[in-house]
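Here is a short report on one protein chain. Keep the sequence and the 3D view at hand while reading.

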Amino acid sequence: MAKIAIIDDNKEQRETNTIRLRLFLKELCSNLEVIDVFPFEKYSDYYGFIDAENVLALVIDEKLYNDSQSDKAPVDYNGSDLVVFIRERYKYIPIFTLTNFPEDQLLQEKINESSVFFHRPVIE
């Protein structure tokens with residue numbers, strides 16, 4: 001089955017976004033499955049993951065390096081770095097980037113043509 005993958009180091013946000021997207025797709029009577037994963041240590045692991053899981057779209061948080069999970073340490077790259085890497089092989093896969101800082105000029109220059117930005121409001 002075709003899947004949308006959510007990649008985020010924050011387990012709570014990752015699971016919340018997964019539930020929201022599943023509910024939205026259910027309303028549309030979609031057969032797409034939504035999965036979520038903690039960021040992989042190595043970029044190269046994403047190629048196998050995308051192929052094995054039949055991922056047809058990605059939702060990637062910009063700040064992937066803040067949290068750890070179980071036996072997995074925080075990664076040393078941003079979501080925008082990952083987008084650039086994935087674009088090398090998967091030129092046309094839809095990629096949506098979540099960020100609290102969409103006005104960041106460096107971020108915009110880095111992946112503006114490779115990804116769609118979604119502003120995640122800061123909740124205080």
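## Overall fold

Helices (H or I, at least four residues) and strands (E, at least two) are DSSP runs, numbered from the N terminus. By that rule the protein has four helices and five strands. Starting at the N terminus, their order is β-α-β-α-β-α-β-α-β.

This is a predicted model, in which local features need pLDDT of at least 70, side-chain atom pairs count only at pLDDT 80 or more, and totals for chains, interfaces and linings use all residues. Residues are numbered from 1 along each chain as its sequence is written, and side-chain values use heavy atoms, with hydrogens and water left out.

Burial is judged by relative accessible area: buried is under 20%, exposed is over 50%, and partly exposed lies in between (1.4 Å probe, protein chains only). Of the 124 residues in the protein, 42% are buried. A contact means heavy atoms within 4.5 Å. Among contacts with a separation of 6 or more, 62% join residues 24 or more positions apart.

## Nonpolar cores

A nonpolar core is a set of buried Ala, Val, Leu, Ile, Met, Phe, Trp, Tyr and Cys residues joined through side-chain atoms within 4.5 Å. The largest one has 21 residues, and Leu58, Ile60 and Ile86 have the most contacts inside it. At least two residues of this core come from each of β1 (3-7), β2, α2 (45-52), β3 (55-61) and α3. A second, separate core has eight residues, including Ile4, Leu25, Val34 and Ala57. In soluble globular proteins, nonpolar side chains tend to be buried together.

What does Ile60 touch, leaving aside its neighbours within four places in sequence? Its contacts are Ile7, Gly79, Leu82, Val83, Ile86, Ile95, Phe96, Thr97 and Leu98.

Helix α3 is mostly covered, with eight of its eleven residues buried. These are Gly79, Ser80, Asp81, Leu82, Val83, Phe85, Ile86 and Arg87.

Two packed helices are described by the angle between their axes and the distance between the axes. Here axes are lines fitted to C-alpha atoms, for helices over the stretch in contact, and angles run from 0 to 180 degrees between N-to-C directions. The axes of α2 and α3 come within 10 Å and cross at roughly 60°. That makes the pair oblique; angles under 35 degrees count as roughly parallel, over 145 as roughly antiparallel, 65 to 115 as roughly perpendicular and the rest as oblique.

## Around the ends of α3

Polar contacts are pairs of N or O atoms within 3.5 Å; within protein, one must be able to donate a hydrogen and the other to accept it, and residues adjacent in sequence count only if both atoms are side-chain atoms. Glu62 sits in the loop between β3 and α3. It is buried, at 9% relative accessible area. Its side chain reaches the backbone nitrogen of Ser80 at 2.8 Å.

Arg87 belongs to α3 (residues 79-89). It counts as buried because its relative accessibility is 15%. The Arg87 side chain reaches the backbone oxygen of Lys91 at 3.2 Å. Tyr90 lies in the loop between α3 and β4 (95-99). Tyr90 is buried too, with a relative accessible area of 15%. Leaving aside neighbours within four places in sequence, Tyr90 contacts Tyr47, Ile50 and Asp51.

## Asp36 and its polar partners

Asp36 is in strand β2 (residues 33-37). It is partly exposed, at 26% relative accessible area. Its side chain makes polar contacts with two others: Arg14 at 2.9 Å and Thr18 at 3.3 Å. Not counting residues up to four places away in sequence, Asp36 touches Ile6, Arg14, Glu15 and Thr18.

Most residues other than glycine have a negative phi, and most peptide bonds are trans. Which phi value does Cys29 have? It is near 60°, a positive value in a residue other than glycine. Cys29 lies in the loop between α1 (11-27) and β2, and is exposed at 68% relative accessibility.

Asn54 also has a positive phi, near 55°. Its place is the loop between α2 and β3. At 41% relative accessibility, Asn54 is partly exposed.
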